[in-house]
Amino acid sequence: MYQVTRIAAALSLLFPTSVLAQSIEGVVQDSTGKPIAHASVKVKGTGSEAVTDKDGRFVLRDLTVGERELHISATGYAHLFHDVTVVDKTAQQVTLTLSYSPIEVIDVVASPVHMSTMESASPVTVLAGDTLRRQQASTLGDTLEKVTGVHTNFHGGVASTPIIRGLGGPRVMIAQNGLDVGDVSRVGPDHSVATEASTSQQIEVLRGPATLFYGSGAIGGVVNVVDSRVPTDTVTRGEWLLEGNSADERKLGSFNFTTGTDNVGLYLDGYWRETDDYEVPVAPDVHEPLSSERTVANTAEESNGFTIGTSYLFDRGYVGIAVEQFNREYGIPGHTHGGDDGHDHAEEEQVYADLDQTRVQILSEINVDSKWISTINTRAALTDYEHAEIEAGLVGTTFENETQELRLDVMHQPFAGWSGGLSFQYKASDVTAQGSEAFTPPSEARTYAMALMEEKHLGDFLVQLGGRVERVTLDADAVLLPPLEVHSHDAGADHSAHGDGVIRVFDVSQEFTPVSLSAGIVWDFTPGYNIGVSVSRSERAPSASELLSFGPHIGTGTYEVGALFDVHEHDGHFDFGLTERTIDLETANNIDLTFRKTQGDVGFVFNAFYNQVDNYYYQVNTGLYAEAGHDHDHGDAHDHDHASELPVYLFRTDDVVLHGFEAQVAWQATRDVKATFFSDYVRARLQDGGDLPRTPPLRFGTQLSYEAQAISAHLDVIRYQEQDKVAATETSTDGYTMVDASVAYNFTFLDQSMAVYLKGQNLTDTEARVHTSFLKDIAPRAGRSFAIGLRGYF
């Protein structure tokens with residue numbers, strides 16, 4: 001007995017207690033047996049995670065007994081799932097082999113269930129690392145426009161939001177770390193998104209309905225900007241950037257820095273950017289006031305921001321808080337105010353926006369690892385946003401948005417092979433607009449939601465199921481129906497909407513219960529290949545601007561009237577009043593088919609989609625015109641002889657169909673050379689005939705890349721075809737080809753990794769007008785430009 005005790009004591013010295021307890025240890029290697037460093041090994045359904053060392057080794061400790069599924073990922077390799085049985089007080093030994101993938105596979109951070117480019121039933125793309133840095137622009141939409149299936153609504157380089165599969169505005173959720181960004185960018189194209197790409201870690205794009213994860217505002221897709229403002233470790237690292245650009249004399253500087261000590265993490269970031277009016281290949285439309293013959297007037301900007309965050313780290317997770325200040329001043333092209341007659345260009349005043357946002361964000365993750373619950377994730381944000389339009393040094397119109405949001409994800413332990421959990425969400429937004437161009441009255445929106453998300457591996461099949469129910473309320477206690485002088489150009493006579501000249505004021509209270517359901521399956525039918533099918537039914541409550549608008553919207557060059565109102569004609573006289581139509585939910589029925597090759601020298605992703613949207617809210621031209629009170633130029637939006645007038649557009653509903661495809665093929669020709677080909681197309685039409693406006697054209701292109709240890713180079717050639725499938729009131733747009741290139745030299749200086757780079761955009765100096773832009777006739781893309789920059793990592 002004494003001898004046995006001595007042997008046990010000796011073994012305890014050789015093996016730590018944590019290894020003798022329930023644990024998994026092993027090595028991650030490639031197909032040649034070479035160890036892979038910095039690979040991530042996660043125990044699915046729990047918070048347990050390890051990162052391999054330089055020899056590819058890892059240890060996962062303190063695991064519960066039973067069947068476990070490991071998820072292994074590394075940059076440049078296809079992800080791997082591996083089942084292992086955890087035995088009481090035993091260290092399981094595993095060897096995990098990853099296969100190379102020419103298409104980069106990155107996990108979606110803010111999704112409660114696993115999602116990545118090559119594995120999810122829903123189509124997803126992640127822009128990160130050097131690719132993100134090469135493509136980052138001053139606005140979010142322009143940053144993402146090279147992502148397959150994503151276009152920009154380019155607004156003179158000063159504002160843009162992403163268009164996903166032909167849908168944008170209130171149908172595409174823009175989030176930051178999984179929570180609504182809290183600005184008013186989805187109200188008008190001239191409103192900038194209050195987030196910055198130069199300090200972000202990655203940008204995630206979920207194509208197709210993502211209402212299950214983010215709510216009814218994501219019926220068309222999600223763009224989630226991810227940063228490290230709440231640190232999850234104390235490793236000291238950072239990144240900085242300096243850049244100058246010739247097209248608009250842009251000067252940019254940014255940095256982010258993470259450090260910490262013991263159990264406290266610290267994060268800092270900041271950026272500063274300044275530009276002038278940008279140059280174009282041709283002189284803009286003659287009706288647009290110019291700063292010179294080859295620049296678009298009023299497209300300069302000055303912006304800056306900073307973030308400070310901290311977190312407390314403990315054995316089972318972290319909790320942290322971050323505070324961000326975001327400031328931006330930018331011109332609003334196509335928006336000028338003239339003299340008393342509305343045509344005195346000598347006295348025109350350029351209008352610019354002064355955007356200010358303060359955002360407080362709280363994030364936490366707790367690995368409970370109890371009998372029933374594995375992890376609890378909490379996200380909360382408080383956002384105070386203000387957007388003022390300055391005219392002749394005075395504030396003309398002010399938009400404000402105060403948003404509070406709380407999201408709680410409770411993930412359960414694997415049960416009968418199923419992983420997932422419940423998500424609870426609360427969001428409140430108080431939006432106000434005051435001034436001569438406040439086309440939407442103040443309103444309060446509240447959302448309460450609960451969602452269930454589950455997934456399971458059944459042999460070669462991955463099954464994903466989910467459902468979400470919401471309660472959405474929209475309240476406005478001062479909705480205005482003012483007297484409106486309107487006329488038809490054909491009739492040539494003015495008609496008052498209200499002969500008594502009295503402004504009607506009334507309360508509006510709307511309640512909606514959107515329900516969303518989703519099911520998907522991915523079949524790995526042979527090694528390196530899979531097929532995915534995803535079906536969903538998603539519902540969306542209309543936004544305040546779609547329902548309550550009644551006034552000039554200069555960003556779109558229209559006089560907007562919401563779906564709550566209707567126009568009636570009596571003996572040639574027009575009258576606006578409350579509608580008798582039912583205000584109902586918008587419903588999307590979507591199916592996605594995906595075919596992917598995940599391994600080898602050639603990889604590809606092919607997506608085909610069909611989306612039928614019932615009760616789709618959109619604007620129709622009434623044929624009437626109303627006085628705007630100022631001069632505004634939006635190209636062919638209306639007759640230039642009536643520059644002080646705006647066409648009256650009314651929100652109506654109809655059934656529409658959107659269908660199309662996305663394709664991406666990557667060929668790793670040699671260790672250093674890779675060629676990528678892509679194409680995307682969407683057909684957006686009314687079910688009973690007719691086309692939706694500003695639909696992106698067919699696009700295809702290629703990227704040739706050379707990436708060696710010291711030098712990297714990239715050449716992008718993208719062709720945009722002519723778009724002649726247009727709505728009744730819009731014009732077609734000619735096709736064009738964009739050629740961009742970049743080269744970077746990587747070196748080490750003072751033990752710091754650095755890179756100096758040169759980027760050229762629109763190298764052929766092509767006249768390019770973006771069909772999805774409201775300003776396509778007066779603000780084409782920038783001409784040939786060159787940017788030089790220096791970035792460092794530590």
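A search of the whole structure finds 22 aromatic pairs, where rings of Phe, Tyr and Trp (its six-membered ring) pair if their centres lie within 6.5 Å, and planes under 30 degrees apart count as stacked, over 60 as edge-to-face and the rest as tilted. The model is predicted, and local features need pLDDT of at least 70, while side-chain atom pairs count only at pLDDT 80 or more and totals for chains, interfaces and linings use all residues. Residues are numbered from 1 along each chain as its sequence is written, and side-chain values use heavy atoms, with hydrogens and water left out.

**Two ring pairs**

- The ring centres of F550 and F565 are 5.3 Å apart and the planes stand at 80 degrees, so this pair is edge-to-face.
- The pair links distant parts of the chain, 15 residues apart, with F550 in strand β31 (residues 550–553) and F565 in strand β33 (residues 565–570); strands (E, at least two residues) are DSSP runs, numbered from the N terminus.
- F550 counts as buried at 8% relative accessibility, and F565 is buried at 0%, where buried means under 20% relative accessible area (1.4 Å probe, protein chains only).
- Y616 and Y618 form a tilted pair, because their ring centres lie 6.2 Å apart with planes at 40 degrees.
- Y616 is buried at 8% relative accessible area, and Y618 is buried at 15%.

**An aromatic cluster**

- One aromatic cluster is formed by F461, W523, F525, Y529, F595, F604 and F606.

**Charges over rings**

- R407 lies over the face of Y214, 5.6 Å from the ring centre, and R781 lies over the face of Y720 at 5.3 Å.
- A charge sits over a ring if NZ of Lys or CZ of Arg is within 6 Å of the ring centre and within 35 degrees of the ring normal.

Technical notes
Helices (H or I, at least four residues) and strands (E, at least two) are DSSP runs, numbered from the N terminus. Buried means under 20% relative accessible area, exposed over 50%, partly exposed in between (1.4 Å probe, protein chains only).
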